[in-house]
Amino acid sequence: MAATAVTTALTACGSASTSTTPVLRIGAMFPLSGSVSADAHDEYLGAQLAAGMANATGGVAGRQLQLDVRDLESGDQAQALADSLHRDGVAAVIGAYSSALSIPAAAAVARDGMVYWETGAVADRVTGQGLPLVFRVGANGTNLGGNSGRFVVDQLAPRLQRSASSLKAFLVTANDDYAHSVSDAARQSLGAGGVSIAGEAVYDPFTPSFGAAIAGIRSTSPDILLLSSHIPDGISFRRAFLDAGLHVDAFIGTTMAQCLPDFGQALGQDAVGVFASDRPDKTFNPSGLLPEARTLYQSFSGKWQQQTGRPPTEEGIAGFSSAWALFHQVLPSAAHLDAQSIATAARAVDMPEGSLPNGGGLRFSDSPAQLGQNTRAAAVIWQWQAVRHSVVVWPPEYSTGTIAMVPLPR
């Protein structure tokens, strides 16, 4: 299916196009088959719901949005799929869930002169390639890692009755763009707050071995551990850490991997007490949103529940919020529906934090190092507080629980 186009008319959202309705086709590239397809489907479904809701109120300039989707299974397919969407005449492409896919997808789409609009991936390189047609609404690695560092300085140090400058942190980092972008930002944020870095251990996420990490932690006795991982290796490291009899006052997952249900389900009691930096999901408190965004979140959540029978996932919220920003804020304000006009309209948007259903605002960076990155993206800190039960604990406007177990009992 990798090279097959699947045009989605969005009938599930109550807004099917007819043969006489003008259509605005938007490209979509997602890994809809393979090992990450379940979460990618959620992100894509969020985008579908955003298109359907926009169509229900008239679409864009009297044209009904229609998603022209490609199944992106590996990065080496990105250029061919981008070329096929370009031949279909689309001016903008949304995608692509995974950082490993989004980095080549962004480059390929931009190379063909189309806008690339990231709906989920967090590696800094997605918007770090200096490409003026690439945009990301959601958090990047710098957001998640920086959020972790600020949480240590502002929230954990006082609870430990310590000054930030007296704390030592150790970093354990998977060796890929995704994890390094997060751990690099965490290191910078910790250092800015006065926390010293006792060391860092880097491992191969495909064949993880944690001997160096365990030895480094044992020899430096850090107060805080920050793990930047994927789900399977994050679970394996947590088990290796406990099996080694190690202890820290706080254990923080700086990537979203430690927040996902798989982490808590696999570890059970061993996950309890772990913090994680992530984007908002169903456990965040939407009452902290601005009124219009809160109403929009409630409408989206109701449609999601009706279609899936479950609360919105973080991937669903990310996909919806990102696509809604494009469909509702950017496209209607574009002078023309070509790529350059869409990019110009995107750079003019200025929305305060809390304006989008994921808690973020919208203002794109013009810095070459983060060109097209939303500088008002939202990130939160979760904590596993019981077996298979997590809550958002920071920032307070989106929290559904309070910080607990500092220092960790084990």
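**Cavities**

I began with the second largest cavity, which holds about 30 Å³ of space. On a 1 Å grid over the protein atoms alone, a cavity is a set of points where a 1.4 Å probe fits but cannot get out. A volume is the space filled by probe spheres set on the points, joined across faces, edges and corners. The model is predicted: local features need pLDDT of at least 70, side-chain atom pairs count only at pLDDT 80 or more, and totals for chains, interfaces and linings use all residues. Residues are numbered from 1 along each chain as its sequence is written, and side-chain values use heavy atoms, with hydrogens and water left out.

I listed the lining of this second cavity: L131, P132, V134, F135, R347, F364, S365, L371 and G372. A lining residue has an atom within 4 Å of a point. Six are nonpolar, two polar and one charged. I took Ala, Val, Leu, Ile, Met, Phe, Trp, Tyr, Cys and Pro as nonpolar, Asp, Glu, Lys and Arg as charged, and the others, Gly among them, as polar.

I counted two cavities of 30 Å³ or more.

**Pockets**

Next I looked up pockets, open sets of points with protein on both sides within 12 Å along at least five of seven lines. The largest pocket holds about 1100 Å³. It is lined by 38 residues, and V36, Y97, S98, H230 and I231 lie nearest its centre. Elements giving two or more residues to this lining are α1 (37-56), α3 (99-111), α5 (177-192), α7 (231-243), α8 (261-267) and α10 (314-330). Helices (H or I, at least four residues) and strands (E, at least two) are DSSP runs, numbered from the N terminus. By class I noted 19 nonpolar, seven polar and 12 charged residues.

The second largest pocket holds about 300 Å³. Of its 17 lining residues, E353, R376, A377, A378 and A379 lie nearest the centre. Helix α4 (residues 141-159) gives the largest share, three residues. The lining has six nonpolar, seven polar and four charged residues.

**Helix α3**

α3 has 13 residues and reaches 18 Å from first C-alpha to last, close to the 18 Å expected at 1.5 Å a residue. The expected span is 1.5 Å times one less than the number of residues. Is α3 mostly covered or mostly open? It is mostly covered, with 10 of its 13 residues buried. Buried means under 20% relative accessible area, exposed over 50%, partly exposed in between (1.4 Å probe, protein chains only). Among the buried ones I noted L101, I103 and V109. The cover includes β2 (23-30), α2 (78-87), β4 (92-95), β5 (115-118), β6 (134-136) and α5. Just after α3, G113 takes a positive phi of about 80 degrees.

**Cores**

I then checked the nonpolar cores, sets of buried Ala, Val, Leu, Ile, Met, Phe, Trp, Tyr and Cys residues joined through side-chain atoms within 4.5 Å. In the largest, of 82 residues, W117 and F327 touch the most other members. α1 gives the largest share, nine residues. Beyond four places in sequence, F327 is in contact (heavy atoms within 4.5 Å) with residues including I26, A47, V60 and P332. A second, separate core has 28 residues, among them F170, I217, L260 and V274.

**A215**

Last, I looked up A215, in helix α6 (residues 211-220). A215 counts as partly exposed because its relative accessibility is 44%.
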